[in-house]
Amino acid sequence: MCGICGLIFRDPRNRPSRDVLRRMTATLRHRGPDDSGVELLENAALGHTRLSILDLSPAGHQPMSNEDGTVWITFNGEIYNFEELRRELSHKHQFRSHCDTEVLVHLYEEHGEGMVDRIDGMFAFAIVDLKQQRVVLARDPFGIKPLFYAMDERRLVFGSELKALLASGEVAREIDLEALNDYFDFLWIPAPRTIFKTVHKLLPAHTLTLDLQTWKSKTRRYWQPTYCPEEGRNLQTWIDESEAVLSQSVRRHMVSDVPVGAFLSGGIDSSLVSYYASQHSAGPLRTFTIGFEEGEFSEVAFAQEVANKVRAEAVVRTVHAESIEQLFRIAEFYDEPMADTSLLPTYAVSQVAREHLKVALSGDGGDEMFSGYTHHAMANQVSRLDVLPHFVHKAVFGSLARISPVTWRMHEWSRRFALPADERRLSITRLPGRRSQRELLSPEIRTPLVDRFWHMRKYLPELRGLPPVTQMQFYDLLFFLPNDMLVKVDRASMAHSLEVRVPFLCRAVAELAFRIPETVRFGNGKQILRALVSRHFGEALARRPKQGFGIPLQQWMRDLAGGSKCEELLESSVVRSSGLLDVSGVRRMIRSVAEGGGRLQVNRSEELFAVFVFVAWWEKYMQTTTASSSVSSS
């Protein structure tokens with residue numbers, strides 16, 4: 001895995017300096033500590049840091065060019081079908097290395113930006129074509145690898161992380177208030193927005209092509225999941241085909257010149273990945289597991305059972321409440337506020353894995369592909385209410401939402417059930433902002449709550465007509481997975497220079513999963529993967545209820561709410577003087593967490609965690625910037 005960055009000026013007389021590119025590249029050193037490089041190309045410059053996984057020789061140095069130096073690339077990722085592509089291209093091109101990067105250079109020469117349709121892998125890359133005078137940015141179909149960019153009439157700057165763009169001196173630290181509202185709605189910031197107004201995330205499965213002569217750009221979506229159910233096949237046939245496709249995907253994801261291990265939680269997805277990895281590993285597989293002192297949150301016993309059965313060398317580490325103190329360290333790697341609480345154990349398991357190796361496999365994506373989330377089952381149940389006209393929902397549940405206190409669960413669920421049918425289902429996974437959350441923001445910068453449904457309305461046209469569970473799965477793949485889960489894993493792992501590969505997230509698995517009719521794929525909840533776990537580990541493990549990678553958040557936050565940490569939080573500059581947060585709203589939230597609330601009330605522990613994260617981020621990235629010059633609405 002690597003870090004990439006670059007700077008391109010419209011005016012050929014503006015040549016990027018080597019010092020600027022070195023400064024940008026230095027911010028990405030954790031993503032690639034083994035090598036780094038900078039290449040100046042007329043009015044363009046590319047930077048790269050390398051984590052050596054394939055072809056450990058100096059021949060894999062980047063940025064890399066074709067034979068005559070007219071096409072240059074800086075690439076972050078892994079291409080799992082590079083050997084097949086290399087054989088296909090070798091009759092026309094002379095290869096100087098054995099790495100997948102050089103394959104991409106020649107693939108571009110043959111297919112242009114259409115090259116992305118031929119790639120099986122995770123990637124973010126930039127290509128500068130000096131002959132055609134264009135730049136191509138691209139990101140993999142699922143958004144496993146990140147790519148940020150800022151472009152105006154004068155220049156294009158891009159990088160694997162926001163900090164590289166900031167280091168260019170071309171990006172103002174101007175907060176986007178819409179993005180800030182997004183953060184306090186979702187606890188992370190959905191693409192294409194970032195916390196900074198002029199910086200954007202390239203969406204998954206997209207290319208951006210910039211003509212250097214006209215300075216006109218176009219974006220293209222090159223892939224999306226499609227539901228094409230094949231009726232008439234029995235369950236056992238689908239189970240056997242799923243086994244073959246998943247085993248093959250894991251085998252391809254293990255191509256490496258260094259050892260590969262696996263994250264193992266003891267759940268269905270990571271257990272299957274570990275099983276197939278052990279079958280394809282030349283020696284004993286190493287697995288990495290995180291546990292908690294609080295027994296109800298720890299899955300160590302189940303993970304150990306799986307490790308024993310696959311004869312893995314199991315490495316286990318316990319996460320304590322004191323890990324909250326790491327927030328200020330972790331904020332450096334996330335670059336913008338990100339309050340998914342499982343980032344703490346993800347950071348910890350990445351740290352322990354990197355002590356042993358450079359590459360680990362993850363079970364992420366199994367729930368999105370094979371209907372494993374609790375809200376998928378809820379969507380199936382809620383769809384039964386579609387027989388009632390929308391005006392009935394709106395009248396009954398809208399009234400309940402108006403009369404119930406905003407801190408009550410009834411208020412939250414009434415808002416959901418008052419929505420139209422499609423929005424009602426989608427809201428089950430990510431309701432846009434509880435009203436109590438919105439009270440954390442200063443009244444002057446809160447956007448109307450009704451406007452916070454933009455994310456659902458954006459995807460509704462392509463989701464309408466899908467059966468309920470599949471609709472939710474597509475929404476998770478397009479919205480939740482690339483904006484939360486994959487961001488969390490990428491930043492936590494790359495903070496430790498660890499490459500994490502995701503075998504469930506490849507086109508072959510997606511195409512299989514969405515050929516399976518929903519009634520078969522979902523069944524009684526992820527029944528195909530449960531059948532595979534039963535086949536290899538027994539029925540007891542297959543029937544375990546889903547636990548997730550959660551932490552004892554309520555207990556940890558309640559302990560903090562009554563202590564000095566929250567007093568320090570209330571006195572922080574962002575709470576007191578930035579004009580962004582409502583001091584009285586933050587104080588009410590802290591008091592609610594300290595008191596514990598009741599069964600009917602919304603648990604506000606996540607909100608307290610989100611404020612801690614935001615303060616940590618502010619102190620790292622904005623402490624020297626005055627609020628008056630750092631906030632802006634879209």
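This is a predicted model: local features need pLDDT of at least 70, side-chain atom pairs count only at pLDDT 80 or more; totals for chains, interfaces and linings use all residues.
Strand 6, which spans residues 121-129, is mostly covered, with 9 of its 9 residues buried. In a regular strand the side chains alternate between the two faces of the sheet. In strand 6, Gly 121, Phe 123, Phe 125, Ile 127 and Asp 129 point one way, whereas Met 122, Ala 124, Ala 126 and Val 128 point the other way, and the residues of both sets are buried. Strand 6 runs antiparallel to strand 5 (residues 71-79), to which it is joined by 9 bridges, and within this pairing Ala 126 is the bridge partner of Thr 74. Strand 6 also pairs in the antiparallel sense with strand 7 (residues 134-139), over 6 bridges, and here Ala 126 stands opposite Leu 137. A hairpin with 4 residues between the strands is formed by strand 6 and strand 7, and in its turn Gln 133 has a positive phi of about 55 degrees.

Leu 137 is also among the residues touched by Thr 207, which is found in strand 12 (residues 206-211). Thr 207 has a relative accessible area of 1% and is therefore buried, the limit being under 20%. Its contacts, when residues up to four places away in sequence are not counted, are Glu 113, Val 116, Leu 137, Ala 138, Lys 218, Thr 219, Arg 220 and Tyr 222.

A further antiparallel pairing, over 7 bridges, links strand 2 (residues 35-41) with strand 3 (residues 44-50). Leu 40 stands opposite Ala 45 in strand 3, and the hairpin of the two strands has 2 residues between them, with Glu 42 taking a positive phi near 55 degrees.

Among the helices, helix 12 (residues 374-382) contains the buried residues His 375, His 376, Ala 379 and Val 382. Seen down the helix axis, the buried residues of helix 12 fall within an arc of 125 degrees, so they line one face of the helix. The elements that cover these buried residues include helix 11 (366-370), helix 14 (409-417), helix 15 (421-426), helix 18 and helix 20 (518-522).

Helix 18 (residues 468-494) also contributes to a cavity, supplying 6 residues, the largest share of the lining of the second largest cavity. By class, the lining of the second largest cavity comprises 8 nonpolar, 2 polar and 5 charged residues.

Technical notes: Residues are numbered from 1 along each chain as its sequence is written. Side-chain values use heavy atoms; hydrogens and water are left out. Buried means under 20% relative accessible area, exposed over 50%, partly exposed in between (1.4 Å probe, protein chains only). Contact means heavy atoms within 4.5 Å. Ala, Val, Leu, Ile, Met, Phe, Trp, Tyr, Cys and Pro count as nonpolar, Asp, Glu, Lys and Arg as charged, and the others, Gly among them, as polar. Two strands pair if DSSP finds at least two bridges between them. The arc is that of the directions from the helix axis to the C-beta atoms.
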